[in-house]
Amino acid sequence: MRSRFALGAVAGLAAIGLALTGCSSSGGGSNPSSTAVDGKGRTLTVYTGVSGLYPQQQKEWFSELQAQFKKETGATLAFDTFASSNDELTKIQTSVVSGQGPDVYALGTTFTPTAYATGAFVKLTDADWAKVGGRDRFVPASLGMSGPDAKNQIAVPLAQRPFVMAYNKDLLKAAGIDKPATTWDDFASQAKKLTTGGTYGVAVGYADNYDPWKFIWAMSQQGGNPILDLKSNKARLDDPITQKAYETYFGWLTEQKAVDPAAVGWKNPQAVAAFAAGKAAYLPMVSASSMEALDSSAVAGKYAYALMPTVTPGKTSNPSGGKAAASIVSGDNLVVASYSKNQDLAFAYINMVTRADMQTKEFKLLGDLPSNAKAADDLQKSTPIIAPIVDAIGKSVATPFSGAWGDTQLALTNVVVQSIPNLSSGSVSSSQLSQLLKTAQSTAQGSLDKAKK
Amino acid sequence: MSTDTAAPAATARPPAEATPPRAGRAPRRGRRTVQQRNRPLWMLLPGGILMLLVIIVPFVFAIVISTLDLDMYTLRDWVSAPFIGLGNYIEAITSSSLLQSIWISVSFAVIAAVVTLPIGVAAALATQNAFRGRALVRSLFLVPYVLPGFVVGTFWHTMLQPHGIVDTVLGNLGIHTGLWLNGPLSYWTLIGVQIWSSWPFFYLLVLAGLQSVENEVHEAAALDGAGWWAKLRYVILPHLRGPIALALIISLLHNINGFTLPFVLFGVPAPADVNVLPVLTYVTSFQSFRFGLSAAMAVFSLILIAIPLFIYLKAVRLDTGDDRKEKTA
């Protein structure tokens with residue numbers, strides 16, 4: 001029934017759209033140039049994800065924000081929450097088609113290019129940036145997912161969630177390794193060395209729906225291949241650099257035998273569980289939220305975070321054109337709906353939540369890492385365990401800002417999904433891999449061709 | 001649906017109006033015509049409006065959307081999305097995995113339905129006669145059916161993990177199967193789990209059918225000296241033809257439309273062997289944001305399920321209820 005439901009849903013959206021097209025206007029709202037906004041008697045609605053880890057603290061945070069916002073602007077602040085990315089997507093689609101809904105949305109960074117493509121969110125002018133505290137307020141790398149270029153930005157970075165790797169200090173020490181690897185080649189050889197008896201060098205979720213493309217993207221980016229070359233409008237998934245990335249990623253299991261063979265069926269939480277049980281030395285591609293699980297596990301006090309290797313496989317230093325990407329730029333952005341009649345209030349709200357004091361408070365309550373440069377700097381100095389994670393914020397590189405990226409990351413992940421039977425039986429041959437990459441390439445190129453119009 | 005009933009009414013009306021009723025059969029016909037003319041058809045209006053809003057309007061919109069190049073770039077102003085005629089349908093057939101997905105969905109649906117049939121019949125027969133603990137057994141049989149698809153998918157996903165419970169148990173018996181949730185075996189995993197969760201549906205319908213068989217029939221068969229096989233083959237099964245046909249068709253429709261189970265079991269992107277049509281439509285719509293293309297795929301799926309539905313409607317003859325009443329009167 002689901003397909004009929006989907007069909008009905010799309011059609012239903014369309015019906016609402018038809019009824020409400022008359023109401024939608026791209027302008028809307030006044031934009032007073034002064035920073036003080038009088039919001040008496042008005043309500044600003046913010047659409048944001050519900051916190052699975054800290055629901056109670058999030059409620060506290062919401063009430064604090066509401067009180068503060070009332071104090072600063074006189075306006076009422078209302079939160080509308082979503083529990084899953086599906087809910088988020090449905091709401092955005094409905095609002096985009098109907099031209100009404102929340103004023104401010106908190107979006108994941110990888111979804112921001114898609115939101116940009118809809119053209120339904122306010123493009124930030126210099127004056128708008130000034131209203132939210134200026135671009136200088138933020139860690140420069142965190143602005144990477146604000147828009148395709150500095151003149152076309154829709155998103156203000158709110159919270160950062162860069163990816164790093166966790167490592168088991170005891171296991172590394174026992175193997176005579178004094179510091180974690182900084183190149184992927186070292187990582188592979190250390191992983192091999194760390195595999196003994198019941199413990200493996202690496203815990204990785206090959207069957208995860210998101211992780212695989214992040215590895216491939218990072219290694220390709222370091223080797224000088226951005227995967228989507230937006231300047232020449234060319235997809236480069238079939239590039240030898242990317243093929244090498246896949247071979248390295250698969251090689252941890254097939255060549256170095258440093259991964260539990262069961263990992264071909266693992267998603268990220270299972271990899272975290274294996275590391276937490278002390279059965280793996282490295283846990284790459286985790287964010288700060290893993291601390292919650294690790295601190296209450298067998299490895300509490302025995303682990304540390306480090307940047308993932310930033311040198312492309314097969315090399316000791318990156319070639320020219322390669323970027324030392326430690327992570328994708330990841331986290332939450334705030335965007336303002338074009339249809340909103342409360343744009344002045346929306347900017348006042350964004351200004352408030354991205355201030356250093358508020359960002360520090362948010363980190364303490366919810367563990368969201370700041371995008372505010374000052375707050376990030378303070379945090380790095382005051383909390384040593386997460387210093388490498390804060391470091392990763394500045395060393396993150398943005399994924400290509402294009403509506404075609406969604407399809408591209410799906411195609412990159414699909415290569416891993418379809419390789420799993422071969423991976424499980426011990427090897428993924430070059431010919432099988434290039435065949436899969438050819439298909440992925442044509443999907444991504446097709447999507448890029450559509451994006452250009 | 002309406003052709004059979006409409007035909008006699010249409011032919012009956014003109015003579016009744018043109019000539020005065022004659023003695024014999026004519027007055028009866030005339031009365032019926034007047035009755036028909038005065039039927040309070042307006043009372044169908046609420047149902048009709050509801051049908052229009054819930055079924056016809058969305059369906060027409062889906063058809064319209066399937067002819068538009070509607071994606072994330074045109075969604076905001078969807079009315080002016082470029083009209084591309086059959087472009088989406090052609091793209092769906094030529095450059096997506098639609099045909100492969102249709103093949104997977106249909107073959108999976110047929111195999112799962114056909115295998116489920118004898119299991120359901122056997123279970124219904126086994127619990128037909130009273131025995132100690134029958135109520136408990138009957139309740140236990142329903143457990144797989146009452147579990148939500150999401151739950152079924154989750155626990156089978158957990159059990160079928162590489163080196164999981166199933167692998168361990170089979171390994172102890174010396175059987176090494178390989179991956180259950182990816183590769184060629186995943187297709188049979190989907191069928192197996194679907195059978196596990198849907199056989200009680202057959203069981204329920206067949207049990208209801210069995211209970212409608214009169215005791216006299218059993219007694220007569222016993223008096224004639226029929227053995228259990230003869231009784232089953234010539235007495236019971238003919239009575240069950242209706243419920244079994246109904247269960248088969250509904251099960252087919254349900255399997256072809258099944259989204260939750262494959263989505264939870266295998267995730268997206270789906271392994272090529274289990275990329276069923278509903279999952280493909282979902283990914284096209286909500287991950288690639290190609291709403292026009294996915295609407296075209298949904299129309300294909302509608303046509304696909306319309307075929308068994310049509311056979312079903314013909315088989316149960318819902319459209320000839322009045323005729324049957326007349327025949328029995």
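**Figure 1. Confidence along chain B of this predicted model.** Residues 1–27 of chain B have a pLDDT under 50, and the model gives this stretch 15 contacts beyond four places in sequence. Here pLDDT is the predictor's confidence in each residue, from 0 to 100, and two residues are in contact if their C-beta atoms, placed from the backbone, lie within 7 Å. Where pLDDT is low, the predicted coordinates should not be read in detail. Averaged over chain B, the pLDDT is 85, and 85% of the residues score at least 70. This is a predicted model, in which local features need pLDDT of at least 70 and side-chain atom pairs count only at pLDDT 80 or more, while totals for chains, interfaces and linings use all residues. Residues are numbered from 1 along each chain as its sequence is written, and chains are lettered from A and ligands numbered from 1 in the order in which they are written.

**Figure 2. Confidence along chain A and for the model as a whole.** The average pLDDT of chain A is 90, with 92% of the residues at a score of at least 70. Over residues 1–34 of chain A the pLDDT stays under 50, and the model has 72 contacts beyond four places in sequence for them. The scores of the model are ipTM 0.83 and pTM 0.85.

**Figure 3. The four-stranded sheet of chain A.** Four strands of chain A form an open sheet in the order β6-β9-β5-β10, with mixed pairing; two strands pair if DSSP finds at least two bridges between them. At the edges stand β6 (200–202) and β10 (303–306) of chain A; each has a single partner strand, so one side of each is left without a neighbour in the sheet. On average, neighbouring strands of this sheet are turned by 20° against each other, direction ignored. The axes are lines fitted to C-alpha atoms, for helices over the stretch in contact, and angles run from 0 to 180 degrees between N-to-C directions. β6(A) and β9 (residues 280–286) of chain A run parallel and are joined by two bridges. A:Tyr200 has A:Ala280 in β9(A) as its bridge partner.

**Figure 4. The six-stranded sheet of chain A.** This open sheet has the strand order β2-β1-β3-β12-β4-β13 (chain A), again with mixed pairing. Its edges are β2 (76–82) and β13 (369–370) of chain A, each with a single partner strand, so one side of each is left without a neighbour in the sheet. Strands β3 (residues 104–108) and β12 (residues 331–336) of chain A run antiparallel, joined by five bridges. A:Ala106 stands opposite A:Leu334 in β12(A).

**Figure 5. Two domains of chain A.** Chain A is divided into domain 1 (28–162 + 328–397) and domain 2 (164–325 + 404–451), with bounds from an automatic or database domain assignment. Their C-alpha centres lie 30 Å apart. Domain 1 of chain A gives 17 residues to the contact and domain 2 of chain A gives 16 residues. On the domain 1 side, the elements that give two or more residues are α4 (112–118), α15 (387–394) and β14 (396–397) of chain A. The largest share of that side, four residues, comes from α15(A).

**Figure 6. A helix crossing in chain B.** Helices α4 (residues 87–95) and α14 (residues 291–316) of chain B have axes that come within 8 Å and cross at roughly 75°. The two helices, α4(B) and α14(B), are therefore roughly perpendicular to each other, a term for angles of 65 to 115 degrees, whereas those under 35 count as roughly parallel, those over 145 as roughly antiparallel and the rest as oblique. B:Asn88, B:Tyr89, B:Glu91 and B:Ala92 in α4(B) meet residues of α14(B) including B:Gly292, B:Leu293 and B:Phe300.

**Figure 7. The contact between the chains.** Chain B gives 41 residues to the contact and chain A gives 42 residues. On the chain B side, α3 (45–65), α13 (277–286) and α14 of chain B are the elements that give two or more residues. α13(B) gives the most, with six residues.
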